[in-house]
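Subject: Handover of a structure model

Dear colleague,

Please find below the structure that I am handing over to you. A summary of the findings follows it.

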Amino acid sequence: MRIFSGLQPTGRKHLGNYIGAIVQYVEGQQRAADAGDVAIYCVVDLHAMTVPWVPGEMRERVYDTASILLAAGLDPDRCIFIRQSDVPEHTELAWHLGAVTAHGDLNRMHQFKEKSAKQRDLVSSDLFTYPVLMAADVLAYRADEVPVGDDQRQHVELMRDVAQRFNERFGDVLVVPELKIPEVGARIMDLQDPTSKMSTSSASLEGTVHVLDDAQAVEKKFKRAVTDSEDPPRIVRDKSKPGVSNLLDILAAARRTTVEEATASLAGARGYGDLKVATADAVNALLAPVRERYVELRADEDALEDIFAAGAEKARAITRPVLADVREAMGVGPRPRG
Ligand code: TYM
């Protein structure tokens with residue numbers, strides 16, 4: 001059972017990324033190793049070039065993200081930890097997969113619609129083909145499982161279609177991966193607007209809890225979280241109560257329990273204030289050790305580069321033979337001699 005997942009380089013990774021994805025990565029690295037296989041985790045710097053970026057800051061943001069992931073518990077000796085641009089097979093495979101990806105399917109991607117609407121100068125073709133590179137990231141390793149948050153569902157479904165279409169046309173070369181969404185916390189919502197997902201580009205800084213926020217900032221954001229005005233207040237997970245439901249999801253995910261248990265633990269609460277304090281405490285307990293380790297890891301960029309170099313070597317031992325099979329199946333490149 002092989003796992004692959006990726007996340008974009010930014011120092012402002014938020015609680016949605018942490019609960020929706022990073023917690024699953026740490027669990028997956030052990031599960032893959034126990035099954036005699038490996039988990040590959042990737043900082044996707046090439047995907048960060050699909051919208052405007054500052055060249056002089058790119059490397060810094062990659063180091064920030066890498067340090068968050070390592071601080072969260074990814075162990076480069078137990079998983080393969082890479083920077084996307086260090087493994088050229090990702091971009092080569094993206095080109096080959098483009099041959100079996102329908103333009104119409106890419107046009108239907110929600111993320112493309114949202115992000116292209118926000119661009120003022122240029123909607124780049126890289127933004128349009130973003131999901132093809134994402135498919136290549138996973139398919140280059142013949143990964144079985146892709147742990148992501150709910151917002152990546154459509155991209156993973158597309159990569160499954162692309163792998164199937166490739167195999168139908170060229171033979172059984174690629175593995176069709178499975179989507180893996182966490183049971184609790186697949187869609188963490190903005191604390192100020194609990195009907196929108198928490199996101200890096202969110203308008204409200206107040207509603208987004210960052211992994212690197214200090215304890216007081218976290219507490220403040222939770223205390224101001226939007227709930228509802230039901231009287232008397234009811235602490236239950238319910239569609240009509242998006243703010244309270246989001247806090248219960250966060251509380252359960254941060255404590256690694258179920259929503260039922262989190263709800264039961266607040267049976268004696270006097271109001272939403274108690275829910276907010278409990279959630280802020282649980283999030284701080286989850287993130288405090290990460291913030292501490294982050295500072296140490298981020299200080300040594302040479303060590304981070306060494307980790308990436310070793311990761312790329314391990315990665316390419318997997319991706320080179322896969323690409324050789326892909327080229328051969330497609331009739332591209334020199335005639336194999338053996
Ligand atoms: P990115 O960097 O935007 O997000 C990283 C992960 O965080 C999850 N996530 C959330 N989960 C729960 N609640 C939220 N509010 C929330 N916001 C974000 C995302 O679902 C994601 O799992 N396209 C990907 C990166 C990528 C990738 C890949 C992922 C590139 N290649 C191959 C898997 C496999 C992205 O932009 O993630």
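The notes below treat the ligand site, then the strands, then individual residues.

This is a predicted model, in which local features need pLDDT of at least 70 and side-chain atom pairs count only at pLDDT 80 or more, while totals for chains, interfaces and linings use all residues. Residues are numbered from 1 along each chain as its sequence is written, and side-chain values use heavy atoms, with hydrogens and water left out.

Ligand site

The shell around the ligand holds 27 residues, of which Gln8, Tyr130, Asp137, Asp151 and Ile188 come nearest; a residue is near a molecule if one of its heavy atoms lies within 4 Å of it. By type, the shell divides into twelve nonpolar, eleven polar and four charged residues. Here Ala, Val, Leu, Ile, Met, Phe, Trp, Tyr, Cys and Pro count as nonpolar, Asp, Glu, Lys and Arg as charged, and the others, Gly among them, as polar.

The ligand taken alone exposes 720 Å², and the protein buries 95% of that (Shrake-Rupley method, 1.4 Å probe). Two or more shell residues come from each of strand S1 (3–7), helix H1 (15–34) and helix H7 (130–139). These elements are DSSP runs numbered from the N terminus: helices are H or I with at least four residues, strands E with at least two.

In H7, ten of ten residues are buried, Tyr130 and Asp137 among them. Buried means under 20% relative accessible area, exposed over 50%, and partly exposed in between (1.4 Å probe, protein chains only). S1 is also mostly covered, with four of its five residues buried.

Strands

Strands count as paired if DSSP finds at least two bridges between them. S1 and S2 pair in the parallel sense over five bridges, and Phe4 has Ile40 as its bridge partner in S2. S2 (residues 39–43) also pairs with S3 in the parallel sense, over four bridges, with Arg83 of S3 as the bridge partner of Val43. From S2 the chain crosses through helix H2 (residues 55–72) to S3 in a right-handed β-α-β crossover; with the strands pointing away from the viewer, the path from the first strand over the helix to the second runs clockwise. In S3 (residues 80–83), Ile80 and Ile82 point one way and Phe81 and Arg83 the other, and all are buried.

Backbone geometry

Most residues other than glycine have a negative phi, and most peptide bonds are trans. Arg142, in the loop between H7 and strand S4 (145–147), has a positive phi of about 50° and is partly exposed at 25% relative accessibility. Arg256, in the loop between H10 and H11, has a positive phi near 55° and is exposed at 58%. The peptide bond from Asp231 to Pro232 is cis, with omega near 0°; Pro232 lies in the loop between helix H9 (215–223) and helix H10 (242–255).

With kind regards
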